[in-house]
Amino acid sequence: MMTTVDVTPETGGKKGSPVNPRSRVYRPNAKYIPILATLALLVIMYSAGVANYENFGQPSVIVNLFRDNAVLLVVTVGMTFVILTGGIDLSVGAVISMTTTLTATLLQGGWPPLVVLVLVLLLGSLLGAGQGAVIHFFKVEPFIATLAGLFLARGIALFINQASIPIRDETWKAISEYRIPLADGVVTKPVALVAIAAVLIAAAVLAWTRFGRNVYAIGGSADSALLMGLPVGRTRIAVYTLSGFCAALGGVLFSINSTSGWALQGNGLELDAIAACVIGGVLLTGGSGYVFGALLGVLVTGLIQTIIIFQGDLNAAWTRIIVGVLLFAFIVLQRLVTRKVK
Amino acid sequence: GCGGSDGGDGGSGGNDDGKITLGFSQVGAESGWRTANTKSIQESAAKAGIDLQFSDAQGKQENQITAIRNFITQKVDVIAFSPVVTSGWDAVLQEAKDAGIPVILTDRAVDSQDKSLYKSFIGSDFIVEGQKAGDWLVKEYEGKNEPVNIVELQGTTGSAPALDRQKGFQEKIAGNPNFKIVKSQTGDFKRADGKTVMETFLQSTPDIDVLYAHNDDMGLGAIEAIEAAGKKPGTDIKIITVDAVKDGMTALSQGKINFIVECSPLLGPQLMDLVKKADAGEEIPARVLTEETTFTQEQAKEALPTRQY
Amino acid sequence: MGEQSPVLEMTGIRKVFPGVVALDGVDFRLFPGEIHALMGENGAGKSTLIKVLTGVYTIDGGEVRLGGEVVHINGPLQAQQAGISTVYQEVNLCTNLSVAENIFIGREPRKFGRIQWGLMRKRASELLARLDLDIDVSAPLNTYSLAIQQMVAIARAVDISARVLILDEPTSSLDASEVAQLFAVMRRLKEDGTAILFVSHFLDQIYEVSDRLTVLRNGQLIGEFKTEELPQVRLVEKMIGKELAALESLEDKAQRNRERTAGAEPILEARELGRTGAIAPFNLTINAGEVVGLAGLLGSGRTELARLLFGADKPDSGELLFEGKATNLRDPQVAMKRGIAFSSENRRTEGIIGELSVRENIILALQASRGWTRPIPRRKQDEIVDKYIKALQIRPADPERQVRNLSGGNQQKVLLARWLITEPRLLIIDEPTRGIDVGAKAEIQKLVAELSDGGMAVLFVSAELEEVLRLSHKIEVLRDRRLVEELENTPDVDADRIMQTIASGATS
Amino acid sequence: MTILKNRLFWPAAILVVLLVINAFTSNQFVTVRDGHLFGSLIDILRGSAPLVLVALGMTLVIATGGIDLSVGSVMAISGAVACLLISDLGNQNSVGSVLLIMLVAIGVSLLAGLWNGTLVAIIGIQPIIATLILMVAGRGIAQLITDGQIINVQSGPYATIATGFFLALPVAFLIAVAAVVLITLLTRRTALGLLLESVGGSPTASRLAGIRAKRITVMVYVVSGGFAGLAGLIYSANIKSADSIAAGNLIELDAILAVVIGGTALIGGRFSIAGTVLGAVLIQALGVTVVAIGVPSDATLLFKAVVVVALCLSQSPEFRAKVFGRFKPKPVVRAEATA
Ligand SMILES: Nc1ncnc2c1ncn2[C@@H]1O[C@H](COP(=O)(O)OP(=O)(O)OP(=O)(O)O)[C@@H](O)[C@H]1O
Ligand SMILES: Nc1ncnc2c1ncn2[C@@H]1O[C@H](COP(=O)(O)OP(=O)(O)OP(=O)(O)O)[C@@H](O)[C@H]1O
Ligand SMILES: [Mg+2]
Ligand SMILES: [Mg+2]
C-alpha cells in the first residue's frame, strides 16, 4: 500500500505469531476477570448464607441490600471517579452529615423542599469543586485537601446543630414512606432506585463519554494526559465536584431514609466507600476499574453485614473479627482466582 | 397490643421450637458501660429462655436500620434496640409495625411523634442524670458565697447523653451566679482523652474547684491528670461523674470522686419481662425507668462489694 | 519554499531551570512543507525548546509567533488547538488505555455525545496499517513493547492533522523498516504542506529526510543550515564544538575484535529456554569477552529473550547454565549475584527512579547487591559517581540533581553507569544508545568494546543494525519471537545479509 | 529567603505560634518541679509520643507507597496483651516481669505487622484493604483479650513509660526521641532509606535494579506494627489500663496527616523523618491549644479545619507563588533584565 525507498522485508509474518498461544478470544475478557471473579465469589457467599440461615433466601434480603446500601452506593459511585483519577476523597462522610443537618434545619425552618434539595446538592458540589481546585491549582495532596474538607464539612454540621434534628416535612416523609412493590411481599423504596440509576449513569458516563475516558487517562498518567492535550485540570475538578455532588445526594437519601439530620451521620463512611471500590477491583493508584466493580464491592460489604446480623449471636468483638475474616477470605480468594486465570 | 395476633405468626416463621425470638440492635461497644449492658441483655435472655438475635451497630444509625430491617425479614417476634440517635426512626419503625412486630426501645429514646410505633421505652433519663449532678453541687455549696469554677468533660460531641447531661446540669446550676463553667470540652467518653483534656485545663485554668465528667472513664482519666499536677482529686478539686461502673465506684469509695450519678446498664431482666409481655400481646407501660440511684462516698463503700459491673 | 513566510517563528527564547539555563536566546523558524531537523548533543535543549513551544514550560523570555501572530500557549491542549501536534521524547501515552483510545483520546468519534467504540477501533486499525503495524487495537497499550508504543504515539500525532508536527526522537527505538514507514508518512504530510520539526541523533536519518536543520549547543543557537549544504562532519563539529575522532578509532578496534572470538569459556548457556507467549525455546551461548548482538524487527522478541537471561521474567521451559552449572534465576537479585546486569530499554518506567538524584540512581544496583546493611560510604559514592559522570559525560555534571530533570540521553547514561559500576561478568544492555547523541554513542560503543576486551561478556540489543554489526562478535537473529539464526560476525556479514535472514528466516 | 522556601517552614511556624499561644494561656509553660520539668510544653511533648511513634512507622510504610490503617488496632492489641498479663502478675511492680511482658506485647505487634506485610507484598493485596482487615478484626481481638472491659493495672514500672521522668525529662518523650534517632540512623546511616525511596519511587525499576522490594515492603509493615505496639503500651500505661475500644481510635488518620504535613508524599518515594515528627507534634499541639484557649466544642472541628486548610495551602509552592509572588520580583525575571 505504501511505497517506500528501502527494501522492507516481508512483515506479514507478525500477524499470526505461531509462538503466541495467547488466544485472541481471551483478550477482551481479561480485563473483566477481576469483576467476574468478584461476582462469582459474591454468589458463593450468598449461597452460603442461604444454606446456613433461615429466611436468608427471601428475595427481600437482596432487595434490602440495595436499599440499605443506597447511600453507600451513591457515595461509592462518586468515589470511583475520584479514585480512577488516582485521587481520594475523605470528605464524603462529612458532606453527608453536613447535608442531612442542613436539610433538616432548613426544612424545619419551613423552606420549600425543592429549594432545600437544590441548595444542599449545590453546596456539596461546591465543596467538592473547592477541593478539586485546591488539589489542581495548588498541587495539594488529595488526601490532605479532602481531610481538611472533612473537618470543614463536619465542623459546619456540628456548628449548625450538635443534636439530631427530626424532619417533619410532608414531601420528605412522603418520599420516605413511598413503597414500590416489586413482587408479592417484596417492596423497595425510591432511594434504592436513585442509587441504581446513579450506578447506571456513572457506568455510561465512564464508558461512553470523553469525560469518562479522560478520567481513566488521568489515572493512568496525569503527566501523559496533559501532554496528550487532555483537559486535566477541568476533569480533575469535575471529578471532585461530582464526588461532592454524590455525597450530597447520599446525604439527601440519608435524610429521606431516616427523616432526620445529624452531625455525626455518615461517620467513617469514606472508608467504607474506599473499601468497596477496592474490593470491586478499582485500583487505588488510578486508571483501572469499573463502577460495576464498585457496586459489587458495596454488595460484598453489605452481604457480610447481613450474614453477621443473621448469625445473630456475635458480640461486638466477634462481629469485628468475623467481618475481618470474611473480608480477608474474600480478598484472598479474589486475588488467587484472578491470578490463576491470568 | 395491636400486633399480638401477628406476633404468634412471626414466631412460628422465625423458629420452630416455640421460643420467643428477640432481635436486639445494640449501639456498639463504645465503653465499658455498653459492654456491661450487652452482657446483661445476653445473660438475661438466656436465663429467660429467649432466643436472642444480637447485632452490633458500631455506632452507626444506618447499621441499626439495616439490622432492624433484617430482623423483620427474619420474622423475629420482638425487636428491641438502643437507638444511636433520637431522630430518624419513623420509617423503619413503621415497617416493623406493618409486619406486626412489637418494638421496645432501651436506654435511649426516639423522638417519633407517633407513639404507637413502639411499645415501650426502658432506660434512664440523661437529663435527669445531669440534674441530679447539678442538684448535688448546689447542695454542696449551699450557704457558701464564693465563686465556684467548674470544668466540664463532655461526652462525644453530638451524642445524646453528652447533650442531655450537659443540659440537665446547666439547668440546675443556672440559679446560682456563683457557679461558673469556665471550661468545657469533649473527652469523647474516653479515659485517655479525659486525662489529656484535664491536663490542659489544669495548665490553663489556675483554680478549678469542680470537675463534672459525663462518664466515669473520663473522670478516672482526669484524676490521673490531677494527681500528676500535684493536686488531690476529691479534695482540691471536687469531682462529679455519671455511670457508676466498678472503677468509678472504687475511686469514689477512695475519696477521689465525690459523687456519682448512677446510670445502670443492667436493663436485661426488665427488658426480658417486657419482651415476654409484648410477645403475648399484653399491655405494657409506655415508659419504664431503670432503677437507679446516686452514690456519695459513704454509699459507695457500702455498695461496692455487691456491684456486678 | 524559502520565499514563504514561516508558519512558526520563535525568537530570543530563554528558559531557565533552577541552576541551569536550558535555552538562552534561541531563534527558530519553521516553514510550511519542510522537514526541519533540530540538532544538538544530549542536554543541548532540544526537548526543552519543544516543550516551551507547546506550553509545557512557561517561557522566561522571547516570543513565539504562529502564522505571524504572537501567541501565548498555556499548555499542550492549547498547542493542539493551535494546530501543533507533538510526539514527546519519552513515550507519553496512557498505557492503561487501549491502543485505539491512545490514538483517539480527546478526539473520539462520537454520535449524540456517545463514543463510537467500533468506529474508533476500525479507524485506529486503519491508521496503524498505514504504518504497517497490525496489532490488536483493543488491547491495553502496556501489553506492547516500547517500540510499538512509540509507533502508536506517532500514529496519534500524525492523525491530528496539524499545521505543525513535532517529532522528538521518534525513531530512537524503531528498526529500519519502521523508520522507512515513518519517513514515507512524513514526506506525504510535507507534500500536504505540514511543517515538521524532527529530532534525531541518527545523522543518516537526518540527511535522508530533512530539508533544513537548526543546531543547538548548550542551550545556545549555533545556526540554521540547509541540510544539503552542510556535510556530516561539519554538522558534528557544530554540535559538539570540536572534531570527532572517536568514531574512526572505534572502527579499527571492532575490526580487531572480530578476529578473536573462539576459545573463550562460556559464561551463560541457555538450553531450550523459553517462555510461552514471549519467546520460543532457544539455545544460546555467551562466552566471556564476547559481544553477542541481537537483531530482529520490532516485536521480534529481543527484549523478551534478554529479560529471561536476567530473571526479570520467569522461563517456563528449558534450563539455564551459568558457568556450566544449572541455575534458576528466580529474580533479578539472583542474577545480579551471579554477575549479570540488565539495563532495560524502557528507561522511564523500568530504569530510572525519577525522584532520586543522579548519584542515588547510579549507585542503586551496586547498593542493592551489597544489601542494605552495608551502605557504600559517601566518599566512595562520590568518587564512583564523579568518575562515571566524567567518563560518560553526563550533563549537567551535578550528582545531586534529580534524574527526572535530566535530558533523555543523559538519563540513559546514568542507567548505563548504574550497571557498569557493578562490574558484571555479563552485561545485558537493551537499546543502550537509545536517544544518545553521536559523540556519546561513539563513547559508549568504545566502552563496550573495551569492556569485552577486558573479559566481560555483553549481550547487546539494538534496533540499529549498524551498531550491532560494528560491535558484535556473534549476531543472533530473531523473528516472530523465535531465534532463527546465529551468525558469526565475519567480514562478509552485513546489514543486507541479516535483513535477508529476517525476511526469509526459517520459521519451521 | 531559602528558609521561607523550605516545605517545613510553615508547619514549623504554625507550631511555634501554637506553642506561643500555649505559653500565654498556661500558668506554667516550662518549670521545674520535684526535680523534673513540668508545664504545658512538657505535656505536649509527652502527649505526642504515641503519635510520633505511630507516624514514624507510617512514614516508612508510606515511603514505599503503602499505607497502614491497622495501627490503631495494633495499639489496642498491644495494650490489651500487656495489661492482661500484668494484671495477672503476683507482683505488678516487678521490673523484670513488666519488661518481659512489654516485649511480648511488642512481639505480638510485630507479628501483626508481619501479617500486613505478607498480605501486601506476598499476596499482592492493595495496602489500604490489606491493613483494613486487621484494622477491623484487630480491635475485635483486643476486645476479646480484655473481654470488652477496661483492665486496670497498678504497676509502677509500667506507668513509668508514660508518666515517669528520667533526667528531668518525661520517659515517653525520651522513648519517642530514641525511636526517632533509631529510625534516622537506620534509614540514613545504612542504605535502607535509599532502598525504601527507590521502591516507593518505582517498584518495577527497583526490582530490575536488584532490590528485593518484597522483603523491604514486609519489613516496613513489621516496623510499623512494632512502633504501633510501643505506642499502644505508652497509651495504656498513661491511663494505667487497657481500653481496647478507645486505644488508638482514628490515630491512623492523625498519623497519615502528620506524615503528609511533614512533606512525604502519599504516592511514596522521598520521605522526611524530621517532617513527620514536626507534623505529629503540631497535631498534638493543635489539640491541646483548642482546649487551652477554650474553643467551644461545637466549633472545635471548624477551628481545626481552618488550621489544616492554612497548613496545606502554606505548603503548596504554587499557592505561595500566587500569594506572595506578587510582592517580590521573581529572581529569574531579574536575571533576565540584567542579561
Ligand atoms: N524540568 C527540568 N528541571 C530542571 N532542569 C531541566 C528540566 N528539564 C530539562 N532540564 C535541563 O535542561 C537542559 C536541556 O535538556 P533537554 O531535555 O532539552 O535536552 P535535549 O537536547 O532534549 O537532550 P536529549 O538529546 O538528551 O534529549 C538539560 O541540562 C536538562 O538537565
Ligand atoms: N506485531 C505484534 N503483534 C502483537 N503484539 C506484538 C507485536 N509486536 C510486538 N508485540 C508485543 O510487544 C512485545 C514485543 O516483544 P519484545 O519487546 O521482545 O520485542 P523486541 O524485539 O524487543 O522489539 P522492540 O523492543 O523493538 O519492540 C511482545 O510482548 C508482544 O506482546
Ligand atoms: Mg530531548
Ligand atoms: Mg525491545
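## A salt bridge within chain C

Arg212(C) and Glu34(C) form a salt bridge in which the closest N and O atoms are 2.8 Å apart; a salt bridge is a side-chain nitrogen of Lys or Arg within 4 Å of a carboxyl oxygen of Asp or Glu. Arg212(C) lies in strand S11 (residues 212-217) of chain C and Glu34(C) in the loop between strand S2 (20-30) and strand S3 (35-39) of chain C, so the pair ties together parts that are 178 residues apart in sequence. Helices (H or I, at least four residues) and strands (E, at least two) are DSSP runs, numbered from the N terminus. Arg212(C) counts as buried at 12% relative accessibility, and Glu34(C) counts as buried at 2%. Buried means under 20% relative accessible area, exposed over 50%, and partly exposed in between (1.4 Å probe, protein chains only).

## Basis of the description

This is a predicted model, in which local features need pLDDT of at least 70 and side-chain atom pairs count only at pLDDT 80 or more, while totals for chains, interfaces and linings use all residues. Residues are numbered from 1 along each chain as its sequence is written, chains are lettered from A and ligands numbered from 1 in the order in which they are written, and side-chain values use heavy atoms, with hydrogens and water left out.

## Salt bridges in the other chains

Over all chains, the structure holds 53 salt bridges. One of them joins Asp247(B) to Arg191(B), with the closest N and O atoms 2.8 Å apart. This pair links distant parts of the chain, 56 residues apart: Asp247(B) is in helix H9 (residues 246-253) of chain B and Arg191(B) in helix H7 (residues 191-204) of chain B. Asp247(B) is partly exposed at 22% relative accessibility, whereas Arg191(B) is buried, its relative accessible area being 4%.

Glu224(B) and Lys240(D) also meet in a salt bridge through their side chains (3.5 Å, N to O). This pair crosses between chains, from helix H8 (residues 216-228) of chain B, which holds Glu224(B), to the loop between helix H12 (213-238) and strand S6 (241-242) of chain D, which holds Lys240(D). Glu224(B) is buried, with a relative accessible area of 16%, and Lys240(D) is partly exposed, with a relative accessible area of 26%.

## Contacts between chains

There are 5 pairs of chains in contact, and of these chains A and C share the most contacts; contact means heavy atoms within 4.5 Å. Chain B and chain C, by contrast, do not touch, and their nearest C-alpha atoms are 37 Å apart.

Glu345(C) is placed in the loop between strand S18 (340-343) and helix H12 (347-351) of chain C. Glu345(C) is buried, with a relative accessible area of 9%. Glu345(C) has no salt bridge, and the nearest side chain of opposite charge, Arg302(C), is 6.3 Å away; Lys and Arg count as positive and Asp and Glu as negative, while His and the chain ends are not counted.

The magnesium ion (ligand 4) is coordinated by Thr303(C) (OG1) and Glu345(C) (OE), at 1.9 to 2.5 Å. Thr303(C) lies in helix H10 (residues 302-310) of chain C and Glu345(C) in the loop between S18 and H12, so the pair ties together parts that are 42 residues apart in sequence. Donors are N, O and S atoms within 2.8 Å of the metal (3.2 Å for Na, K and Ca); water is not among the atoms, so sites may look incomplete. Thr303(C) counts as buried at 17% relative accessibility.

Ser47(C) (OG) and Gln89(C) (OE1) coordinate the magnesium ion (ligand 3), at 1.9 to 2.1 Å. This pair links distant parts of the chain, 42 residues apart: Ser47(C) is in helix H1 (residues 46-53) of chain C and Gln89(C) in the loop between strand S6 (84-87) and helix H3 (99-104) of chain C. Both Ser47(C) and Gln89(C) are buried.

Ser47(C) is also one of the residues that come nearest to ligand 1, of the 22 residues around it; a residue is near a molecule or strand if one of its heavy atoms lies within 4 Å of it. An oxygen atom of ligand 1 is 2.5 Å from an N or O atom in the side chain of Thr48(C). For the side chain of Asn42(C), the distance from a ligand 1 oxygen atom to an N or O atom is 2.9 Å.

Methods. Polar contact = N/O pair within 3.5 Å; in protein donor to acceptor, adjacent residues only side chain to side chain.
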